[in-house]
Amino acid sequence: MQLEVRDLWNKCLNIIKNDISEQSFATWFAPIVPLKFQNNTLTIQVPSQFFYEWLEEKHVSDLRKAIDLTIGRQGMLEYSIVVDKGDRKNPPITFNLPPTNQAQNQQNKPSNFPNPAKSPFELKNLDSLELDSYLIPKYTFDKFIEGDCNRLGRAAGMAVANKPGLTAFNPLMIYGGVGLGKTHLIQAIGNQIKDSYPDKFVLYVSTEKFTNQFVNAIRNNSIEAFTNFYLQVDVLIIDDVQFLSGKEKTQETFFNIFNHLHQSGKQIILSSDRAPRDLAGMEDRLLSRFKWGLTADLQQPDFETRIAIIQKKLQEDGIQIDFDVLEYLAHSIQTNVRELEGVIISLMAQASLTRKEIDLELAKSTLKSIVNEQEKELSVESILDVVTNHFDVDLDTLRGKCRKKENVFPRQIAMYMLKELTNLPLKSIGYHFGGRDHSTVIHAVQAVSEAMETDQSVEKTIRNLFTRFNLKGVQS
């Protein structure tokens, strides 16, 4: 029996693994223990109530798919939640993953199409594009944190969502690097349009999906049906258009669809990992159309935006942590939003598994394998530690209000080093010194810079402090 349930769960895991990231799989599915399989019901043990709630909120569709493919549509999933580190368990919480909606099945049944279809949703022969707009409900404008890095794109997206097809932003093209929120933003636009204009057919599709459908249409001799389907879309959202590069036939078909939709006043929204001018292997006539509307880029989030993203994410999950932990996370992860959210999820999972509060120690432990050595070395804490040790002052004095020369000078040097060695804004640096404002930090940096030019001993001191971080010299 135990072997049977393990084999069944392993089959489920193999299905789930293909649909989620490696990090999510390792965090949320690797700790699960299969217990039994009886009466068409699979029972799995999860480490905590938090784990159960997270799976139900974030991965229920992944679990439903796995159960459907391994047990069948009538399969059920039962959770057994560990309440402590002993053997006691509360009664299992049973959740019957919803069977396929019967009404939807009726709507999905093929018809003879005696008349032209009134809705593109009735067209069934295009690789499961019958009913679903392929929009993920969690992607909304409320959850998309605005900052200097994305303000133009978000504002343009809101304008399009309020008046699809009626603004000058058609097409709207959002571009930027990996994990900066392109998919979130374009799906947020689609979700708001669906809410505001329920009669409009909004369709989100990746370029890879579009290309595969086109290839299947060629194979099945159904190009006309494929094109006709897309011509009925009111709002077409195409993700990662850079993957059209080099696909001449697919580009030609997309060009024709684009022209028809645009001329009909339908809204087109695109995303790409680079600006149109940098898209190689793309037809000039298609590139020119990408530039008809508005092109907006998403950049790496600045420190304040990263803080806001972390706060929003934790707020959604009802978690509060100290500001020094927030600042440590925002300083440690500077690359993109996706990695930042992944770290937050890992941190919450660690807190749940270890039954610990989220504090600075747990944050450092969780990020140990993520943050590289130099980033850890250049933390605020380590820089202040080097300064206090060198000048033999305690941390409270360094951060305090004392204006004695023997304390002011080390404080100014600490501010200077934070300015040179981190990406912290001046306001955040001032926060570490009793909440001083940015003008105080500017004065400190200028004072140290001038002293280095006129006093060789000051320059030597700064160089010695820099070498503690394996840096070659003073940064200009």
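I began with what the buried residues of helix H6 pack against, and in this predicted model I found strand E5 (172-176), helix H7 (182-196), strand E8 (267-272) and strand E9 (294-298) as their partners. I then listed the buried residues of H6 themselves, which are Gly 153, Arg 154, Ala 156, Gly 157, Val 160 and Ala 161. Looking down the axis of H6, I noted that these buried residues fall within an arc of 165°, so they line one face of the helix. I recalled that an α-helix has 3.6 residues a turn, so residues three or four places apart point the same way.

Next I checked the length of H6 (residues 151-162): with 12 residues at 1.5 Å a residue, the helix should span 16 Å, and I found its end C-alpha atoms 17 Å apart, which agrees.

I turned to the nonpolar cores. The largest has 80 residues, and those with the most contacts inside it are Trp 9, Phe 29, Leu 42, Leu 329 and Met 417. Its largest share, nine residues, comes from helix H14 (residues 337-354).

Last, I looked up the cysteines. Cys 12 counts as buried because its relative accessibility is 1%, under the 20% cut-off, and Cys 149, at 7%, counts as buried too. A search of the whole structure for disulfides gave me zero.

Technical notes:
Residues are numbered from 1 along each chain as its sequence is written. This is a predicted model: local features need pLDDT of at least 70, side-chain atom pairs count only at pLDDT 80 or more; totals for chains, interfaces and linings use all residues. Side-chain values use heavy atoms; hydrogens and water are left out. A disulfide is a pair of cysteine sulfur atoms within 2.5 Å. Buried means under 20% relative accessible area, exposed over 50%, partly exposed in between (1.4 Å probe, protein chains only). A nonpolar core is a set of buried Ala, Val, Leu, Ile, Met, Phe, Trp, Tyr and Cys residues joined through side-chain atoms within 4.5 Å. Helices (H or I, at least four residues) and strands (E, at least two) are DSSP runs, numbered from the N terminus. The expected span of a helix is 1.5 Å times one less than its number of residues. The arc is that of the directions from the helix axis to the C-beta atoms. Contact means heavy atoms within 4.5 Å.
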